[in-house]
Each structure stands twice: as C-alpha cells, then as structure tokens.
Amino acid sequence: MGFSLFSSSAEISFSCLDNVSQSKNLSQDVPKAFSRIGGLSRKGKEDGVVKKVFVSSHFVPGHLEGSYVGKKQLNEPSTKLEFVRTLLIDNYDSYTYNIYHELSVINGLPPVVIRNDEWSWEEVCHYLYEEKAFDNIVISPGPGSPSCAADIGICLRLLLECRDIPILGVCLGHQALGYVHGAQVIHAPEPIHGRLSDIEHNDCGLFHGIPSGQNSGFKVVRYHSLVIDPDSLPRELIPIAWTSSHETRPFLGIQNFDSYSDGSERRACPEIFAESLSTKSENGLQWHSSNSQEVQTENILMGIMHCSRPHYGLQFHPESVATCHGRQIFKNFADITKDYWFRFRSSLDSKRNVQYSACMQVPNITRLFQDAVSSKHLVNGFDDQKHANASLSKLTKPSHLGHTRFLKLKWRKVECSVNQLGGAGNIFCELFGDHTARNTFWLDSSSTEMSRARFSFMGGKGGSLWRQVTFRMSNKSDMAFNLGGLLSIEDAEGSIKSTYIEDGFFNFLNQELHSFRYDATDYEGLPFDFYGGYIGYIGYDLKVECGASSNCHKSSPPDACLFFTDNLVAIDHHMGDVYVLSILDENTSMAPWLDDVEQKLLNMKLRPLKKSSSPASRVSSENSPREGFAAEKSREQYIRDIERCQKFIKNGESYELCLTTQMKTRVEEIDPLGLYLNLRERNPAPYAAWLNFPKEDLCICCSSPERFLQLDKNGILEAKPIKGTIARGVSPEEDELHKQQLQYSEKDQAENLMIVDLLRNDLGRVCEPGSVHVPNLMEVESYATVHTMVSTIRGKKRSNVSAVDTVQAAFPGGSMTGAPKLRSMEILDSLEMTSRGIYSGCIGYFSYNQTFDLNIVIRTIVIHKGEASIGAGGAITALSNPNDEYEEMILKTRAPTKAVMEYQSSSPDDHSSK
C-alpha cells in the first residue's frame, strides 16, 4: 500500500520532482490527487491554466539572478537572535493561521505567509540567500499528498535544497520531508481527524521539557489519512516521536488544554525503539540512533528529523487548541533556530532590521494583513491607541477619498416594556405586519435562554435614505476570470438603477461602509451595536469572492439582497426595553418617524394584550395541503455521496466534508409571515430572522441557532460554530441520556474540534497575534427539537482590517464547508446537485459604524416564486455511519418542514389566532 520514490536522497534530481505525481516508481496504491473543478490547477497563466487567486496574496516578489543555495558562510556571530523571522509556507490549508499566531507569540515577530505556489524558486532564493530575510521555514499542513506537485508546490525543493536553513514541516510538511528523501507515504491504518493520541518521543531538542508516553499528559490532535511508513525511512531520517498506543482518546476532560486523563485503563506502553540512545551530531543537532523498523505496528510514526540538517517533521498538529504542549514545541523550534545560527551563521547584523520583514507583508487591496510591527510591540501585545474605538474620537473619517455621506442618529427609549406591549411578535405585527409585511426585516432573538441572544431589530420601508441592494453574480462564476455581477439599487421613491460591478459584492459593501461619516457620540448610551445600515442576507455562492475556485451551480434567488434601513425598532430582551432609532442625512433635522412609532407603541400599552397575529392574506380553505416535501436526493443517493466523501477523506483530500441537500414543495398562496410566526413559536432560536423582498418574490423564514460572526464596537470578533446534533428525548430521562450521549461522543467532539480549529484560523487572518482564544469549547445547548454542541471563538480585530474584510476571511462559515475549507468546497460542489443559494450563507446586519452580527442560514424556509425550500446536511468524517448521517440530516429539517405542513393544513381561523 506504500510507494517509493528513490532509494536515497542522493539519487534525487529535482527535474524528476517537478512532475513527481507522474513518476513511474509510484505504487498504484498512492492516493490519487483530487481532480479540481474545471481543470484548474495552482499554476500561473503562463502554463495555460489559471492561478488560484486568494485574498491573502499580499507580497511584492523579488528577483534573483543565479542561485545562492549553499553559499552561506559559517562565521560565528557574537550573540543569539533576539527574535526569529519565519517564512511560513501555506499549503492551501485551513489551519495555517493557527501556526501563524503561535509563531508570532513565540518569535516576537509575525511570520511572512506565502502560498506554496506564490513565489518562484528564484524569488525564494532571493529572500533566503541574497536578502537573508528569514531564519527558519515552517511548512504548513494541507490537503492531498506530497506525491502531487499541485498539493505540495515548492515545498519539496525547499526541503531538498535548503539544507542550511532550519525547517519544520507539519502534517503534509512532515510527509513531504520523508517523501523527498525516499520514504514511502502510505494510507494510515485508519484516518484520524480531530482525535487525540498519547505521544512518546526520544527527548530530542524539539521535545525539550515535554513529557513522554501514555498518560504522561502529552496528548496531541491528529488530522491525517496518510502516514510515512517507518520501515521505508532512509538512514538520514531519524524517528523522534510515535503514538504510544493504537487507541485514540476523546478531548472531553482535558483541563486547560494542557493535560488530560479520562481515568480509563489503557494498554501498557509497548516496547519501541529498543536500546535507543540520544546523541549529539557534529552540528549540535540531537538524533535518535535506533532503527525505525523496530516500531510496533500499532504505533504510528509522529515525528522525524534529518540526521545532518536542521529539518524536522511532525505528523500531528501542535497548533490545535486541544494539543498539549503545542506552544512549547514551537518555542523549542525557535530555540533550535537560535542555537543553529549562533553556531553557524556568518555575519548576523547586530542591527537586525525588524522593519525589513514587516515591509514584505505588503497587503493587497483587501488589506487582510497587518502593517509593520513596531519593535516596542513585538510580543503578544496590543497598541491600545491603535485599537481605540471610534467613540474615542468625536468624528470618524472615511479611509478613502471617494463619495462620503454624513449620517446623524436620533433615538429614544420608549416608556414601556416589551411585556407591556405583548412581546416582540406583537410589536412587529402591529408596526410592520400589514400589507403582507412587504419590504420588512426582523432579526429575531426568539430564544434568549442562557444569554444566547439579547437584542432583536425590526423595521420596514420608510425614510428617505432607505434602499434595497440586490446582487446577482455573472454567469461566469469562476473567480479567476470574473468576480463581477449585476448590482441593482432601488431607492425610497421606487426608482431602480442597475450597474455591472467588476470587483464583486464584498468590495461594493466595503466601499459603502467606508463612505459613511458620523459622530460616534450619537449612539452613546445604547446597549447594542446596530444603529442602522445594511440588513439582509449573503448567499453561499459568494464563496468565489472569498477564495473558492468556482461555482458549479447558479442560485435562483439573488446572491445577496439587503435593505439599507434608516428607521428601526430595537428590543433589549434582558432589560425589557424598547428603543426607536432613525438615521438622518446632514440636511435633515426632524425625525417624524420616531414620534409616530413611539406614539403607536404607547397606544399599544394602553390596549388589552392579545396574541400576536398577522393580518396578511391566508391560505384559502379550498386549497388542499401538499403531500409533503420532495427530497433533492433519494436516501440511496445521499448515502452514496456520504461514501464518496469518506473516500476523499481516506485519500487525504479533506478532514471533514459538510455534505448538504435540499427539500422542496410548492406553497402557492401561503402567508409567509404567518408561517414565520408559526415557525418561531415551534422552534425559537437565538439568531432567527424574517426577511421579505417582494420585488424578488422572496421571503425568508429562518430559525437558526448558530452565529457565524459578530464584530462589536470594541473590535472583538466572535464565532459560535455548531457541530454535533442529536434529537431531544421523549421523557426527561431519555432527554438527559441523549444530551450525555452527544457530550461524550468522540465522533461529535472530533467534528466540533475540526471546525473550532478552522474558525481559529479564519479569525487568525484578521486578528491581533495571540488574541484568538476559545472561551467555551464543546458546550451542549438544548433547543425545542435538538441538542447541539457549540463552541465559542474570539479574537481582537486588527486596526487596519475592515468589517467586510473580516467577513470575507471567514465566509462561508466553516461549519458549512468542512476543512480544509477551499479543497472541501471544491469537492462538495462536485457532489451537490444544485446551488445552496441562501442556505449556508448568512443573515444579519452591517451597521453604518462597521459593527456587524451574522448568523449561519440553517433551519430555514426560503420561499421563492411559490416554492419553499429547506436545506440540511451534516459533517461527514471518517467515523461517520452513512445511515446515521442521513437520519441526522432529516432530523435537522423536522422543525421547518413540520411548520410548513401544519400551517398549510390549518384553517384560516387557526392562523388568525396566532
């Protein structure tokens, strides 16, 4: 099941490695590279195909005439490095920026990140050997295999030729280190993703100060389907770490992410690497003298090092939130680097220029990466002045020189409580429910238990600044050719202007938010972060503006549709307060809408309370209810797709794939608002939403329990992904049993952990180094029909990153894609039959002061042109049981489908009583 490239590294010529996946020496058992949609590969246009464009491409490449490899002189400097400059090679992975943050904290300087095909070999040599810009290299994990040139890019050549630079390879980088020296990379006995193993090591420098062995407290997270065959290791590669048992262990029970013991009995640690001893090589590197063939079959090779080069590989993921002693490993690698250059580097400049490394981090137009790091803020610190909130300055200024608009906010708190007005539903129906609630929105925190959500926002078409923005992508969905689409803007008078925009919707939204000027004192005293601005949805297919290579299918509803709302009502569910807000332009001083709505609310207080109702049109009694929803795929088709997902996972193309499908039915004359009121009563949710876009014949009834991303006025980003779902029990005893079953499920913990690490990565791309953290990991939340496993990730946004930039960095939500995200989305596009459309996208607001709060569109009924559709799916992993996954997908549709069927079959009198 393995393969061999060459018998030793001496026989390798790099002309062969350029097309390594085509080598005649490769066994037929080698995992095949994933065939990318549309035939795309990560090559430049000069090769006849399109290079992947990604928002993090941000470097000014240098050029070099001739090669400088191996030409470093070895005179000893007088002092060790004060900080370490790392070149971090990203293999299109979704965990790279977790490594970035660890290195930023440890090194005292953020690393420079490039994709594995972003620089030519000449450019790499220029920075490594002419500019001497880097002290070490870290090669990230990634999908695929080191045998595929498109998966590994320039990394093989770095490992082969940069013999005088310390290199650490993680997961795929580790496999590449073995592969380039002739070791076989084979399928693991089983794919392991998001699961933990005890690790034993040889106490070399990379593991200094870290315990070893079973139950020692050194447990690591593994994400891999392939491994290096230890029997194939050449003499120059030394095994330094291995699993101490074939068993994996769940995360639950680890304290402070540093140690873990579940108290269960484990098998005795087997004898491995017998008669081993640790010695020092001539250059000071530690190595292990035992032969790899002595490894027991149940113990998987987890680490290697080169006997004469400062090159290391780790199969596990030290950057995972659940890996114990991960930061110590990165610190040890930094110490190895410092020791290495202390002994051997020729002329270390005593005035090492921090600004040189920083100046290489030139952000592109998306400005996703920080500017130069000042030397006084090198280690895990914030410049408080730099991150001061807009409220510290009375008047904010836009960051570009285009059209600007000055907005004034007027608001007041109404002298009555939510309960006195009959609840949020009654307020909405009274103020906005007439005329079928056309052009209305309601971000509805209908489930506020356990502080899950606090505020609701509602409104409709009203003021002079109101408008509706609708975006449809071009038919050319391949992002390398076209990001553009048709943007239509309807103003308050009903006039519509349509324009083709080439730079995409996110760029438009970013420019819009930057065009607003405002006085931050206007909203002082308000307990919430939305003061008016854009509110609506962003569809899943806009992933092509966030790094995805293409869309295989076109969405029927628009790809994005938002209102700019200048009048709204806000409800504080915790305090019971009701607020009315109105945005005015600089030429307007009166806010009659505030007076009108405040009076309506006060009048409601004086009337007897009644249950909320929608006076909109009802289903006629003559219409017979539909038989039910038609599934897009049969049970058999869906299960076959699950099995195909597991084959991709086995071959290393993904760790987790969020496979989805849709169910549809005709609804014709249904009252959408009445349906939504029924849904929120049946399945209340903290991030529920109602949107009605009559010009598009589109209504959205959303009961989402999941937050995608929030940015508050203090610059704190928060994501709350859900992974792991189980049905509620029919009795209290059964319900508690189901809850515990979910909490202690190794499969569900692994699913959740994979997405937590992915969201840490996504936030890491736009947050201050060292600020991303996980305050809540794998907590179980209970809703009307299901228990779910939820985690919380937070970080401090960098000051040079906009609100829209942070959304682009994380969209679509990782819980709806899997990991690694980019490759997973390619695979899912090839498996799913239609566009996800609004499902899997996000609903929420972008306030004019660049705060936002967005959900994940799940548990949602989309009514478009007389058809109701409900999307559902689940995370497919190596541990998935296809039948169980199908049943979980059906479970997630239960509340919305039942709401539709019950509402259709009920009488008009039943509707009016709601």
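In the predicted model, Ser802 is found in the loop that connects strand S31 (786–796) with helix H16 (803–810). The relative accessibility of Ser802 is 6%, and this residue therefore counts as buried, the cut-off for burial being under 20% relative accessible area. When residues up to four places away in sequence are not counted, Ser802 touches Asn510, His514, Lys797 and Gln850. A further distance was computed between Ser802 and Val766, which are 36 residues apart along the chain; their C-alpha atoms are separated by 9.0 Å.

An open sheet is formed by 9 strands. Their order across the sheet is S2-S1-S3-S4-S11-S10-S7-S5-S6, and the pairing is mixed. In general, the strands of a sheet pair through backbone hydrogen bonds and may be either parallel or antiparallel. Strand S2 (112–115) and strand S6 (219–228) are the edge strands of this sheet, each pairing on one side only. From one strand to the next, the twist averages 25°.

Within the sheet, strand S5 (residues 185–201) and strand S7 (residues 237–243) run antiparallel and are joined by 3 bridges. In this part of the sheet, Glu200 stands opposite Trp242, a residue of S7.

Helix H2 (residues 96–107) lies across strand S1 (86–90), S2, strand S3 (136–139) and strand S4 (167–170). The direction of H2 is at about 175° to S1. Helix H15 (residues 746–764) lies across S5 and S6, and runs at about 90° to S5.

Helix H2 also packs against another helix. Two packed helices are described by the angle between their axes and by the distance between the axes. The axes of H2 and helix H7 (residues 326–344) come within 10 Å, with a crossing angle of roughly 55°. The two helices, H2 and H7, are therefore oblique to each other. Their crossing, that of H2 and H7, is right-handed. On the H2 side, the contact involves Ile99, Glu102, Leu103, Val105, Ile106 and Asn107. These residues meet Arg327, Phe330, Lys331 and Ala334 in H7. Sorted by class, the contact of H2 with H7 has 6 nonpolar, 1 polar and 3 charged residues.

Key
Residues numbered from 1 in each chain as written. Predicted model: local features only at pLDDT ≥ 70, side-chain atom pairs only at ≥ 80, totals over all residues. Heavy atoms only, no water. Pairing = 2+ DSSP bridges. Helix = DSSP H or I, 4+ residues; strand = E, 2+ residues; numbered from the N terminus. Axes fitted to C-alpha atoms, helices over the stretch in contact; angles between N-to-C directions. Contact = heavy atoms within 4.5 Å. Parallel < 35°, antiparallel > 145°, perpendicular 65-115°, else oblique. Left-handed = near helix turned anticlockwise from the far one by under 90°. Nonpolar A, V, L, I, M, F, W, Y, C, P; charged D, E, K, R; others polar. Buried < 20%, exposed > 50% of the residue type's maximum accessible area, 1.4 Å probe, protein only.
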